[in-house]
Amino acid sequence: MSRAPEFVTLSDAAARAVSGANSRHAALIEDAFDVLVETPGGGVSLTGDAKARAQAKKAVQAIAARADQGLEIGEADIRVAIGNAKSGGAGPGALPIGRRGQVAPKTATQAEYLQALSRCELVFGLGPAGTGKTFLAVAHGAGLLLRGEVDRLIVSRPAVEAGERLGFLPGDLTEKVDPYMAPVWEALTDILGAEQLRRRREKGEIEVAPIAFLRGRTLAHAFVIVDEAQNATRLQMKMVLTRLGEGARMVVTGDPTQIDLVNVRDSGLAHAVGILEGVKGVAITRFSAEDVVRHPLVERIVRAYDADAARVGRSI
């Protein structure tokens, strides 16, 4: 079988992204496909058997397409491109463009999560901090709102560790809840811009409310995000899940290892996942330390805590 080199013409930015700092990205591609990657200028040269070259070329072209959009390319992007090239998988539909460019999955699990959000009415995103489960849910919901596929984006969460005791805080409901929703507002500001976010909040198209304030409502034609759901009780979880009305979709995010309730067994997240897994229309995506896309140290911190939990015999 021929191992003749194949040259792939790329822009300078794309070629730099494929090579990476100290040729780190090129090394990942070489290891994944058993090819030789060289950058003689004007593109990359791929040497290997025909099948390996074809798969590597798909990965290179996917990386180049993102680089040519002006997006920063990290190792996580390279690994996703490699995984998609090997599996022949295609990512979900385009998400909105944020201030840092097109929002896109950075790990294979993130891609799986976005596909679930597109396919299912109820999605659970479980895993540690830094895996993008809330940001991607917000991005997906903002995209639905911008395209007119839903009328409202509703974000809810348990407002205080073991309950919803907001009365002692100053201000109206929005002012009481906003400090707890900082990650969500940062994501929405990134995607929509501050002015459009303000207008849509004033028009009621974007709403924030503690879980308790959803009781008795039917949420129709809305995309609902329940964040930090590990701190919702079983009763709260059942209540919020049964708020879904016509044309509504919901994503529930949380980290089952970070329960702040006095009685850990009262957490509604693990209970809901246990009884709803396998139900038609429900998808569950589980993130792990490998999916952490914050500072690399965060992944190592998560792994250390997981190892400690394993040593003392805890299981989540």
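Trainee: How many bridges join β6 to β11?

Mentor: In general, strands of a sheet pair through backbone hydrogen bonds, either parallel or antiparallel. Here β6 and β11 run parallel, joined by five bridges; strands count as DSSP E runs of at least two residues and helices as H or I runs of at least four, numbered from the N terminus, and two strands pair if DSSP finds at least two bridges between them. G125 sits opposite T285 in β11. Mind that this is a predicted model, where local features need pLDDT of at least 70, side-chain atom pairs count only at pLDDT 80 or more, and totals for chains, interfaces and linings use all residues. Residues are numbered from 1 along each chain as its sequence is written, and side-chain values use heavy atoms, leaving out hydrogens and water.

Trainee: In what order do the six strands form the open sheet?

Mentor: The order is β8-β7-β9-β10-β6-β11, with parallel pairing. β8 and β11 are the edge strands, each pairing on one side only.

Trainee: Which residues of α5 are buried?

Mentor: An α-helix has 3.6 residues a turn, so residues three or four places apart point the same way. In α5 (residues 108–119), the buried ones (under 20% relative accessible area, 1.4 Å probe, protein chains only; exposed is over 50%, partly exposed in between) are T109, Q110, A111, Y113, L114, A116 and L117. They pack against β6, α6, β9, β10 and β11, contact being heavy atoms within 4.5 Å.

Trainee: And where does D34 lie?

Mentor: D34 is in the loop between α2 and β2. Its phi is near 55°, positive in a residue other than glycine, and D34 is exposed, at 56% relative accessible area.

How values were computed: The expected span of a helix is 1.5 Å times one less than its number of residues.
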